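Reader: Can you walk me through this one? I'd like to go residue by residue, then zoom out.

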Amino acid sequence: MQDVKAGIAEIALITGKVVVPTIFEYVEVDHVCKKESELYKKCIVSFGKPVIISADKGLFEQTENLQKIMESMRRDIWEQENIHKNALSSEDMERYVNHTYLKKYKAFGFTYDSEWESSYLLRKGKAIENEYYIDSHGDFVPGIIEM
């Protein structure tokens, strides 16, 4: 999940409209797949309570609040669906690499540029790893999955 940008709060403030936190969570199957169309067993769309953006509070503070609300919504979905993504160590390495490869190279009508995307994956000012692969020693290491 990428960070919520302050522009959302700013537009809501200017227009006088509420922000409705919305999460799209694609639930992946728990096995290795042959094609991208087999990856997901369902998509869950969750709507949070409308949030009013106030001129009395800072936009960045309110944006961070939206981020926390949406992160909590996503964790709730994971709990309901028994999804465990709290640590990379809980991932099945073969399945993770298979799913990441299919999403990256086999997705219909979509291309993913790892280097470009990684520049947008920031959390609290720190870049995070967005792909892992199995190296020649069989270790699960951060990096970029290549074709």
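Reader: Leaving aside neighbours within four places in sequence, what is K104 in contact with?
Author: K104 is in contact with Y112, S114, E131, I144 and I145, where contact means heavy atoms within 4.5 Å. This is a predicted model, in which local features need pLDDT of at least 70 and side-chain atom pairs count only at pLDDT 80 or more, while totals for chains, interfaces and linings use all residues. Residues are numbered from 1 along each chain as its sequence is written, and side-chain values use heavy atoms, with hydrogens and water left out.

Reader: Where is K104 found, and is it buried or exposed?
Author: K104 is in helix 3, residues 93-105. Helices are DSSP runs of H or I with at least four residues, strands are runs of E with at least two, and both are numbered from the N terminus. With a relative accessible area of 6%, K104 is buried. The cut-offs are under 20% relative accessible area for buried, over 50% for exposed and partly exposed in between, using a 1.4 Å probe and protein chains only.

Reader: Which side chains does the K104 side chain make polar contacts with?
Author: One is Y105, at 3.3 Å. Another is E131, at 3.2 Å. A polar contact is a pair of N or O atoms within 3.5 Å; within protein, one must be able to donate a hydrogen and the other to accept it, and residues adjacent in sequence count only if both atoms are side-chain atoms.

Reader: Switching to the core. Which residues touch the most other members of the largest nonpolar core?
Author: V19, I23, I53 and L66, in a core of 15 residues. Helix 1 (6-15), strand 1 (22-28) and helix 2 (59-80) each supply at least two residues of this core, and helix 2 gives the most, with five. A nonpolar core here is a set of buried Ala, Val, Leu, Ile, Met, Phe, Trp, Tyr and Cys residues joined through side-chain atoms within 4.5 Å. In soluble globular proteins, nonpolar side chains tend to be buried together.

Reader: What does I53 touch, beyond four places in sequence?
Author: A9, A12, L13, V19, L59, Q62 and L66.

Reader: Q62, then. Buried or exposed?
Author: Buried, because its relative accessibility is 7%. Q62 lies in helix 2.

Reader: Which backbone atoms does the Q62 side chain reach?
Author: The side chain of Q62 reaches the backbone nitrogen of S54 at 2.7 Å and the backbone oxygen of K57 at 3.0 Å. Not counting residues up to four places away, Q62 touches I52, I53, S54 and K57.

Reader: How do helix 1 and helix 2 cross?
Author: Their axes come within 8 Å and cross at roughly 110°. Axes are lines fitted to C-alpha atoms, for helices over the stretch in contact, and angles run from 0 to 180 degrees between N-to-C directions. Helix 1 and helix 2 are therefore roughly perpendicular. That label covers 65 to 115 degrees; under 35 is roughly parallel, over 145 roughly antiparallel and the rest oblique.

Reader: And which residues meet there?
Author: From helix 1, A6, I8, A9, E10 and L13; from helix 2, L59, F60, T63 and L66.

Reader: What about I44, where is it and what does it contact?
Author: I44 is in strand 2, residues 40-47. It counts as buried because its relative accessibility is 19%. Apart from neighbours within four places, I44 is in contact with I23, F24, E25, V27, I77 and E81. The C-alpha atoms of I44 and E81 are separated by 9.9 Å, and the two residues are 37 apart along the chain.

Reader: What is the phi of N82?
Author: N82 has a positive phi of about 55°, although it is not a glycine. N82 sits in the loop between helix 2 and helix 3 and is exposed, with a relative accessible area of 56%.

Reader: Zooming out, how many helices and strands are there?
Author: Four helices and six strands, in the pattern α-β-β-α-α-α-β-β-β-β along the sequence. Of the 147 residues, 29% are buried. Among contacts with a separation of 6 or more, 63% are between residues 24 or more positions apart.
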